Amino acid sequence: TIDNKIVAEIKNGLLVLLGIEDADDVTDIDWLSGKIARLRIFNDEKGVMNNSVADIKGDVIVVSQFTLHASTKKGNRPSYINALNGDKAIVLYDEFNKKLKEKNVKVETGIFGAYMQVELINDGPITIMLEK
């Protein structure tokens, strides 16, 4: 939701909080989009996590989240020095969304850099952090 308007919504699928750091490049984006499309974290007919978001024809909503790279080692104010700046990060963010779509995954997004209110109903809950 941005300015009290729903700009993206999915039903069954994944919420991806995408943090891009200054060391990331297109090869990292390609690896991550493939990993997310193929990650077997949805139950099959036997209740075993054996299906990917692509297998269940689920959706993915991608939210750019530079705060994932907050460093809190020193002081009490987080440092975001490792997060890629917005002008460069949006290029990789768009590339990530494009790569997911190429893997036959329906992708929804908010607006890069906007103040958003994100709601999540976590079915499980399953929260996984992926890093290359």
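Three strands make an open sheet in the order E1-E4-E5, and their pairing is parallel. Strands here are DSSP runs of at least two residues (E), helices are runs of at least four (H or I), and both are numbered from the N terminus. Two strands pair if DSSP finds at least two bridges between them. E1 and E5 stand at the edges with a single partner strand each, so one side of each has no neighbour in the sheet. On average, neighbouring strands of this sheet are turned by 25 degrees against each other, direction ignored. Axes are lines fitted to C-alpha atoms, for helices over the stretch in contact, and angles run from 0 to 180 degrees between N-to-C directions.

This is a predicted model: local features need pLDDT of at least 70, side-chain atom pairs count only at pLDDT 80 or more, and totals for chains, interfaces and linings use all residues. Residues are numbered from 1 along each chain as its sequence is written, and side-chain values use heavy atoms, leaving out hydrogens and water.

Now look at E4 and E5. They pair in the parallel sense over 4 bridges. The chain crosses from E4 through H2 to E5, and this β-α-β crossover is right-handed. That term has a test: with the strands pointing away from the viewer, the path from the first strand over the helix to the second runs clockwise. Two bridge partners can be picked out. Ile-61 is partnered by Glu-108 in E5. Asp-59 is partnered by Lys-106 in E5.

H2 covers residues 86–102, 17 residues in total. From first C-alpha to last it reaches 24 Å, close to the 24 Å expected at 1.5 Å a residue. The expected span is 1.5 Å times one less than the number of residues. H2 lies across E1, E4 and E5, running at about 175 degrees to E4. Its buried residues (under 20% relative accessible area; exposed is over 50%, partly exposed in between; 1.4 Å probe, protein chains only) include Ala-89, Leu-92, Tyr-93 and Phe-96. Glu-95, Asn-97 and Lys-99 are also among the buried residues of H2. The buried residues pack against strands E1, E4 and E5 and helix H1. Contact means heavy atoms within 4.5 Å.

Both ends of H2 deserve a look. At its start, a side-chain oxygen of Asn-85 comes to within 3.1 Å of the backbone nitrogen of Asp-87. Asn-104 has a positive phi of about 60 degrees although it is not a glycine. Asn-104 is exposed, at 70% relative accessibility.

Lys-57 also has a positive phi, near 55 degrees. Lys-57 lies in the loop between E3 and E4. Its relative accessible area is 70%, so Lys-57 is exposed.

Finally, turn to the loop between E1 and H1, the place of Asp-24. Asp-24 is partly exposed, with a relative accessible area of 21%. Its side chain reaches the backbone nitrogen of Glu-21 at 2.9 Å. That is a polar contact: a pair of N or O atoms within 3.5 Å; within protein, one must be able to donate a hydrogen and the other to accept it, and residues adjacent in sequence count only if both atoms are side-chain atoms. Not counting residues up to four places away in sequence, Asp-24 touches Gly-19 and Leu-92. Leu-92 is one of the buried residues of H2.
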